[in-house]
Amino acid sequence: MHIKTESAQRHTLAIMVDNEPGILARIAGLFTARGYNIESLTVSDVTADHAVSRITIVTTASDQTMEQILAQLDRLIPVHSVTDLTTLGPHVERELALVKVAGVGDHRIEALRLADVYRARVVDATTSSFVFEVTGGREKIDTFITLMREVGLIEVARTGIVAIARGKEPA
């Protein structure tokens, strides 16, 4: 017997929904009830009248599983549209992280030097620590955090991925 296994790939979904109580729980519940993992989740109100929100979800799934996820999301009543930005084509993804680092003496100087290289901004400073704000792709932020571990990483807070399609057409 031959079992065919599909390779899973990372997908970034943009979901436009009515801005109403419980919709985020319904969408997250759809993922958890079927055993799909959500790697990143962000939500934001995107219209002037506050009627529509955009949910950005990053998940890893095979093509067949992704088709099921998209179909199930599309069937939910408050969902206006579901776009898989990964298959749509070129898109821009960014994440923000706040990184608290302890540092005195040479470690302090090294933390500032690394922050400059990664274009991280100092948003808070004391005589013994910094809080840096760094934005960019997931790999850039992961690398910055790894380097800060060597210098004196204390704490990290990350926003999750936000993404938008390139070009003049909305997703």
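A salt bridge is a side-chain nitrogen of Lys or Arg within 4 Å of a carboxyl oxygen of Asp or Glu. The model shown here is predicted, and it holds 7 salt bridges. One of them joins the side chains of R10 and E93, with N and O 2.9 Å apart. R10 belongs to strand 1 (residues 9-18) and E93 to strand 5 (residues 91-102), so this pair ties together parts that are 83 residues apart in sequence. The two partners differ in their cover. R10 has a relative accessible area of 31% and is therefore partly exposed, whereas E93, at 16%, counts as buried. The cut-off for buried is under 20% relative accessible area.

Strand 5 takes part in another such link. The side chains of E155 and K100 meet in a salt bridge with an N to O distance of 3.5 Å. K100 lies in strand 5 and E155 in strand 8 (residues 153-158), so parts that are 55 residues apart in sequence are tied together by the pair. E155 is partly exposed, with a relative accessible area of 45%, and K100 is partly exposed as well, at 30%. Salt bridges can also join into a network, and E95, D142 and R158 are linked in this way.

E110 pairs with R113, and their closest N and O atoms are 2.6 Å apart. In general, side chains of opposite charge can pair when their charged atoms come close.

Two packed helices are described by the angle between their axes and the distance between the axes. Helix 4 (residues 106-117) packs with helix 5 (residues 138-151) at an angle of about 170 degrees, and their axes are 10 Å apart. Angles over 145 degrees count as roughly antiparallel, and helix 4 and helix 5 are therefore roughly antiparallel to each other. On the helix 4 side, the contact is made by H107, E110, A111, L114 and A115. Helix 5 contributes F144, L147, M148, E150 and V151.

T42 is found in strand 2, and T56 has its place in strand 3. T42 counts as buried at 12% relative accessibility, and T56 counts as buried at 4%. What does T42 touch, not counting residues up to four places away in sequence? Its contacts are R54, I55, T56, T159, G160, I161 and V162. The C-alpha atoms of T42 and R54 are 8.1 Å apart in space, while the two residues are 12 apart in sequence. With neighbours within four places in sequence left aside, T56 is in contact with T12, L13, S40, L41, T42, I161, V162 and A163.

Strand 2 also has a part in the surface. L24, L41 and V43 make a nonpolar surface patch of about 210 Å². V43 is found in strand 2, which covers residues 38-45. With 46% relative accessibility, V43 counts as partly exposed, whereas T42 counts as buried at 12%. L41, another member of the patch, is also among the contacts of T56.

Most residues other than glycine have a negative phi. H50, however, has a phi near 60 degrees, a positive value in a residue other than glycine. H50 lies in the loop between strand 2 and strand 3 (52-61), and at 52% relative accessibility H50 counts as exposed. R119 likewise has a positive phi, near 55 degrees. R119 is found in the loop between helix 4 and strand 6 (121-125). Is R119 buried or exposed? With a relative accessible area of 73%, R119 is exposed.

Terms used: Residues numbered from 1 in each chain as written. Predicted model: local features only at pLDDT ≥ 70, side-chain atom pairs only at ≥ 80, totals over all residues. Heavy atoms only, no water. Patch = residues over 30% accessible without salt bridge, like charges linked within 9 Å, V, L, I, M, F, W, Y side chains within 5 Å. Areas by Shrake-Rupley, 256 points an atom, 1.4 Å probe, with all protein chains shown as cover. Helix = DSSP H or I, 4+ residues; strand = E, 2+ residues; numbered from the N terminus. Buried < 20%, exposed > 50% of the residue type's maximum accessible area, 1.4 Å probe, protein only. Axes fitted to C-alpha atoms, helices over the stretch in contact; angles between N-to-C directions. Parallel < 35°, antiparallel > 145°, perpendicular 65-115°, else oblique. Contact = heavy atoms within 4.5 Å.
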